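Q: Can you walk me through this one? I'd like to start with a single residue and then move on to the ligand.

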Amino acid sequence: MNNKHQSFSALVKSRHSPRDFLSDPLSKKQIETVLHDAQHAPSNCNTQPWVVHIVSGEKKQKLSEILIDKYRKDELTLDFSFDVNEFHGVYAERRFEQGKAYYEALGISRYDEERRTKGFLRNLEFFGAPHVAFMFMPTVGDNVRVASDVGMYAQNFLLSLTAHGYAGIPQTILGFFAQTVRDYLSIPDNYKLLFGISFGYENVDAVSNKIRMGRANIAECVTFHE
Ligand SMILES: Cc1cc2nc3c(=O)[nH]c(=O)nc-3n(C[C@H](O)[C@H](O)[C@H](O)COP(=O)(O)O)c2cc1C
């Protein structure tokens with residue numbers, strides 16, 4: 001294996017989802033470097049269907065307050081359904097493990113609803129990150145192909161953040177407030193919100209950032225045919 005491959009493996013494995021960020025912002029130039037990397041993602045017929053809105057500063061702070069208010073009033077406006085109860089078998093097990101790892105790291109018991117809600121609401125505070133990138137997409141057919149393109153873009157974005165010493169966490173939960181975000185940013189209704197990515201500098205001292213989620217053995221996911 002040559003060095004190029006080794007350093008890519010190390011980069012991919014060092015990327016993780018922090019849930020605590022420092023408030024220090026990135027400069028426009030730093031963010032643009034990441035965006036240039038992300039832009040090289042492959043896409044169906046090179047359509048590049050990602051439509052990204054980045055929110056920072058006071059505008060981000062105000063949005064966080066609006067999202068928390070909407071959550072408390074149970075005013076959710078998802079563009080794409082997401083029911084965790086639809087995960088089954090091994091997928092349900094992995095989902096359970098992920099939630100357990102987060103709340104255990106914070107020292108929150110399964111039965112402590114108040115603190116669990118507080119832990120959950122950190123999502124809507126963008127985990128303290130100075131920036132959030134909303135991943136919108138045009139609607140095309142049943143949207144699955146376009147969503148996969150946006151996923152590829154998002155992974156480039158996350159890996160580029162990691163490579164430059166920054167960090168980010170994708171958040172489906174931000175997509176639960178699609179119409180609210182559209183209204184707030186004056187985005188036309190035909191752009192649908194898949195998820196957001198909170199990003200900035202990771203707070204490496206935070207306990208929640210010590211978590212490293214495991215991965216299934218490749219034999220559980222891959223079949224070779226010869
Ligand atoms: C599309 C997508 C949406 C996600 N949404 C959330 C979210 O809303 N809140 C959250 O805390 N983590 C979210 N995550 C992070 C996952 O929990 C995390 O990627 C997974 O547990 C693996 O951990 P790692 O990213 O640290 O390797 C999301 C990840 C992806 C790819």
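Q: Where is N123 found?
A: This is a predicted model. In it, N123 is in the loop between α5 (113-121) and β2 (131-138).

Q: Is N123 buried or exposed, and why?
A: N123 counts as buried, because its relative accessibility is 10% and buried means under 20%.

Q: Which residues does N123 touch, leaving out those up to four places away in sequence?
A: Q171, I173 and L174.

Q: Switching to the ligand. How many residues surround the ligand, and which are the closest?
A: The ligand is surrounded by 14 residues. S17, R19, N123, T172 and R215 are the closest.

Q: What about the backbone of P170?
A: A backbone N or O atom of P170 is 3.2 Å from a ligand nitrogen atom.

Q: How much of the ligand does the protein bury?
A: The protein buries 71% of the 620 Å² that the ligand exposes when taken alone.

Q: Which strand gives the largest share of the shell around the ligand?
A: Strand β3 (residues 167-171), with three residues.

Q: Last one: how do the shell residues divide into nonpolar, polar and charged?
A: Five are nonpolar, six are polar and three are charged.

Note on methods:
Residues numbered from 1 in each chain as written. Predicted model: local features only at pLDDT ≥ 70, side-chain atom pairs only at ≥ 80, totals over all residues. Heavy atoms only, no water. Helix = DSSP H or I, 4+ residues; strand = E, 2+ residues; numbered from the N terminus. Buried < 20%, exposed > 50% of the residue type's maximum accessible area, 1.4 Å probe, protein only. Contact = heavy atoms within 4.5 Å. Near = heavy atom within 4 Å. Polar contact = N/O pair within 3.5 Å; in protein donor to acceptor, adjacent residues only side chain to side chain. Areas by Shrake-Rupley, 256 points an atom, 1.4 Å probe, with all protein chains shown as cover. Nonpolar A, V, L, I, M, F, W, Y, C, P; charged D, E, K, R; others polar.
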